Amino acid sequence: HRLARLTVLDQHEAPSLIPATPSGAGQAGASRPNLMTKIEFVNINDQGQPIGESKTFDIVGDMIYVDYLTVNFEDKYVEKSDLDRSTAIALFQRIFGEHQEPAKGFQLDTVGTRPTAYARGTQMSDFEKNIWDDFWLIANDSQRARQMGIDAIQGKAVAIRAQPGKTYEIELRSTGDMTIKPVGAKAPASASAKNGG
């Protein structure tokens, strides 16, 4: 399922007493602490259409993290296409940069409400509400998790070193893992096209 789109609106050096140390292209070093990245975040449906209002955030650095809560159900429920447990579900928690404390990150979905990406104009089921309301209690109670048909319930994060002008999509795989990757990039022109042939 496609869940969200991030677009880098602006990226610039902010005045700082700390000298900027460029991290060379392709290096896995830390972001420069005085680099600011303005991003737009919007939930999307499976067709890539926006759901709800977009949000804009100023991130410190160019390494963007999105953390989320995820629930995987036991295979028997997935195989039966159980109404509540046929696929992994996830709730976005926060978005933040490499030089920001996660606890001070920007909140995305609100705990206790249905994640925006799953809202289809219907009310959240009691089963789903119980999961989001008691997420960490269930995560620490293996017997209760088993009774609910939950195979794994945990927090995770995805990250990308964002580049100016790029757009990225976050997808939830059936395994409960999320991926973040650039979209809309144009393929390089072939040599024959450049030469007019």
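A nonpolar core is a set of buried Ala, Val, Leu, Ile, Met, Phe, Trp, Tyr and Cys residues joined through side-chain atoms within 4.5 Å. Buried means under 20% relative accessible area, exposed over 50%, and partly exposed in between (1.4 Å probe, protein chains only). The model is predicted: local features need pLDDT of at least 70, side-chain atom pairs count only at pLDDT 80 or more, and totals for chains, interfaces and linings use all residues. Residues are numbered from 1 along each chain as its sequence is written, and side-chain values use heavy atoms, with hydrogens and water left out.

**Exercise 1. Which residues touch the most other members of the largest nonpolar core?**

Step 1. That core has 23 residues. Leu 6, Phe 92, Ile 95 and Met 178 touch the most other members.

Step 2. Look at the elements, which are DSSP runs numbered from the N terminus (helices: H or I, at least four residues; strands: E, at least two). E1, E2 (35-44), E3, E4, E5 (89-97), E7 (150-161), E8 and E9 each give two or more residues. E1 gives the largest share, 4 residues.

Step 3. Take Met 178. Its contacts (heavy atoms within 4.5 Å) include Leu 3, Tyr 68, Phe 92 and Ile 170, not counting residues up to four places away in sequence.

Step 4. Another core, of 15 residues, lies apart from the largest one. Among its members are Ile 89, Ile 131, Met 148 and Ile 150.

**Exercise 2. In which order do the 5 strands of the open sheet stand?**

Step 1. Strands pair if DSSP finds at least two bridges between them. The order is E3-E2-E1-E8-E9, with antiparallel pairing.

Step 2. Find the edges. E3 (50-60) and E9 (178-183) each have a single partner strand, so one side of each lacks a neighbour in the sheet.

Step 3. Zoom in on one pairing. E1 (residues 2-13) and E8 (residues 167-172) are joined by 5 bridges. Thr 7 has Thr 167 in E8 as its bridge partner.

**Exercise 3. How many aromatic pairs are there, by the ring rule?**

Step 1. Apply the rule: rings of Phe, Tyr and Trp (its six-membered ring) pair if their centres lie within 6.5 Å; planes under 30 degrees apart count as stacked, over 60 as edge-to-face and the rest as tilted. The count is 6.

Step 2. Inspect one pair. Phe 73 and Phe 127 are tilted, at 6.1 Å centre to centre and 35° between the planes. Phe 73 lies in E4 (residues 63-73) and Phe 127 in helix H2 (residues 126-133), 54 residues apart. Both are buried.

Step 3. Find the cluster. Trp 132, Phe 135 and Trp 136 form one aromatic cluster.
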